[in-house]
Amino acid sequence: MNDDILLNVENLCQYFKSGSSELKAVDNISFSVRKGEVFGLVGESGCGKTTTGRSVIRLYNITSGNIYFKGTRIAAGTRALEEEYKRARLEREHMLSRARKEGTDVTDCVRKADAELERLHEEIKAAKADNKHCNKQYAEEEIRRVRQYFSPLLTACTEEERDTLEKKYKEALRVASKERITNKIQMIFQDPIASLNPRMTVRDIIAEGLIIKGIRDKKYIDEQVYKMLDLVGLSPEHSGRYPHEFSGGQRQRIGIARAIIMQPELIIADEPISALDVSIQAQIINLINDLRNELELTVLFIAHDLSVVKYFSDRIAVMYYGKIVELAGSDELFRHPLHPYTRSLLSAIPLPDPVYEKKRKRIPYKPLLAHDYSTEPPCFREICDGHFVLCNGAEYSEYRKRIEGKA
Ligand SMILES: Nc1ncnc2c1ncn2[C@@H]1O[C@H](COP(=O)(O)OP(=O)(O)OP(=O)(O)O)[C@@H](O)[C@H]1O
Ligand SMILES: [Mg+2]
């Protein structure tokens, strides 16, 4: 896998049971987030943005697809594989009964079908094992790292130093055994009121992750909490207060502090500003941007309109009803929006220009009028370097022409 890629989401599906039917909240989406970039995920309410974020932090067992973080598979859905397995088994049975009736020799075909069933069985087993053990394997690596760090120190130390060093070593081993790869992904939640426990002080809210990680050193925890408060623009005096004593913007800062104390590599910021006053929105965006540079973070930034992510994101994916309909570099997307839904979203952005605003027309998106998928369904295609659109063959040719005409 490409070293540059931190998060890789592959054919992710997240379906929810709703009564007798099924809601495809996220329906076969693929994207990857490169180290150090801000990746914007945009779409209207209910299109599956939060569900995507929650699937990445493993709040759900994903229906199918794979999620890789730093090359390690952290989530794997087995539904598609299990369905394929059932289909393959059924086909094998049909083949056998047909052969029995017709008296034909199908030994070779049966052997092939058995090999395919075995392959699928192994894949399902591997997916289940990765879901269960990815954190355990990460902890084992951490333990190995701690051992490698301490063993030369222990051989070289004097007798007086040995006691303290051994204590430190034991503590580091204990903490390492509780490390989880998924701690490296933290989410800032959409609703700063609902996501903070009203009965906990700010200190306890921010420190919770460290305590779960097994850290017991109170002095270290307090130091870290104060450091985080400082990083997010709050002060140590705030640590004894409760969430309801803060404004919306301050609560979001607490949410950010709670995330960064875990030293994450990837932050999923789920509409962190949509519940805030316009004047505070820019402050929080700037804060996330500063932290991103200071802590070398990668950000998956979720928003429901393009204007928010325009200046902040390196690449943007546009989602509509559980599917990614367009994905491109931020500049490219604004210069050459191709999918009618992206064009509709762009037409909704107001500009501070009264003459333009008087003439601005919103383009509505009506999927049934915009596409004719009766003969050929759409799939995700690369129109030009790094610019992908969900389209069928006819649309592909049209989009290519449009890009070439503009080039
Ligand atoms: N736990 C759940 N159980 C059942 N349905 C769910 C669940 N979570 C989300 N959904 C449904 O999945 C769809 C996508 O929801 P999601 O919260 O991901 O949308 P969103 O894009 O984040 O929207 P918003 O911009 O309003 O936050 C919605 O129709 C929602 O009702
Ligand atoms: Mg949401």
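Select ligand 1. Thirteen residues surround this ligand, and the closest are Phe16, Ala25, Ser45, Thr50 and Thr51. A residue belongs to this shell if its C-beta atom, placed from the backbone, lies within 6 Å of the molecule. Strand E2 (21-34) and helix H1 (49-56) are the elements that give two or more residues to the shell. H1 supplies the largest share, three residues.

Now colour the shell by class. It has four nonpolar, eight polar and one charged residues. Here Ala, Val, Leu, Ile, Met, Phe, Trp, Tyr, Cys and Pro count as nonpolar, Asp, Glu, Lys and Arg as charged, and the others, Gly among them, as polar.

A note before moving on. This is a predicted model: local features need pLDDT of at least 70, side-chain atom pairs count only at pLDDT 80 or more, and totals for chains, interfaces and linings use all residues. Residues are numbered from 1 along each chain as its sequence is written, while chains are lettered from A and ligands numbered from 1 in the order in which they are written.

**Stop two: helix H1**

Select residues 49-56. Helices (H or I, at least four residues) and strands (E, at least two) are DSSP runs, numbered from the N terminus. Is H1 enclosed or open? Seven of its eight residues are buried, so H1 is largely enclosed by the rest of the structure. They are Lys49, Thr50, Thr51, Thr52, Gly53, Ser55 and Val56. A residue is buried if 20 or more other C-beta atoms lie within 10 Å of its own, exposed if 12 or fewer, and partly exposed in between; the C-beta atoms are placed from the backbone. After H1, click on Arg58: its phi is positive, near 65°.

**Stop three: helix H3**

Select residues 107-156. Where does H3 bend? Go to His133, where the bend is about 55°. That value is the angle between axes fitted to the seven residues ending there and the seven starting there.

Next, show Ala127, Cys134, Tyr138 and Val146, the buried residues of H3. They pack against strand E5 (72-78), helix H2 (79-102) and helix H4 (159-177).

Click on Ile124, also in H3. Ile124 is partly exposed, with 16 other C-beta atoms within 10 Å. Leaving aside neighbours within four places in sequence, Ile124 is in contact with Thr78, Leu81, Glu82 and Tyr85. Two residues are in contact if their C-beta atoms, placed from the backbone, lie within 7 Å. Try the distance tool on Ile124 and Tyr85. Their C-alpha atoms are 9.2 Å apart in space, and the two residues are 39 apart in sequence.

**Stop four: H3 against H4**

Two packed helices are described by the angle between their axes and the distance between the axes. H3 and H4 pack at about 170°, with axes 8 Å apart. That makes H3 roughly antiparallel to H4. Angles under 35 degrees count as roughly parallel, over 145 as roughly antiparallel, 65 to 115 as roughly perpendicular and the rest as oblique. The axes are lines fitted to C-alpha atoms, for helices over the stretch in contact, and angles run from 0 to 180 degrees between N-to-C directions.

Which residues of H3 and H4 meet? On the H3 side, show Ala139, Glu142, Ile143, Val146, Phe150, Leu153 and Leu154. On the H4 side, show Leu165, Tyr169, Ala172, Leu173, Ala176 and Ser177. By class, this contact has eleven nonpolar, one polar and one charged residues.

Jump to Ile267, in strand E7. Ile267 counts as buried, with 24 C-beta neighbours inside 10 Å. Beyond neighbours within four places in sequence, Ile267 is in contact with Gln186, Ile188, Ala259, Leu297 and Val299. Now find Ile383. It is 116 residues from Ile267 in sequence and 29 Å away in space, C-alpha to C-alpha.

Move to Glu271, in the loop between E7 (266-270) and helix H8 (278-294). Glu271 has a positive phi of about 40° although it is not a glycine. It counts as buried, with 22 C-beta neighbours inside 10 Å.

Then pick Glu296, in the loop between H8 and strand E8 (298-303). Glu296 has a positive phi too, about 50°, and is not a glycine. Glu296 is exposed, with 10 other C-beta atoms within 10 Å.

**Last stop: the whole chain**

Zoom out. The protein chain has 14 helices and twelve strands. Its C-alpha atoms fill a box of roughly 85 × 75 × 45 Å, taken along the principal axes. Of its 407 residues, 30% count as buried.
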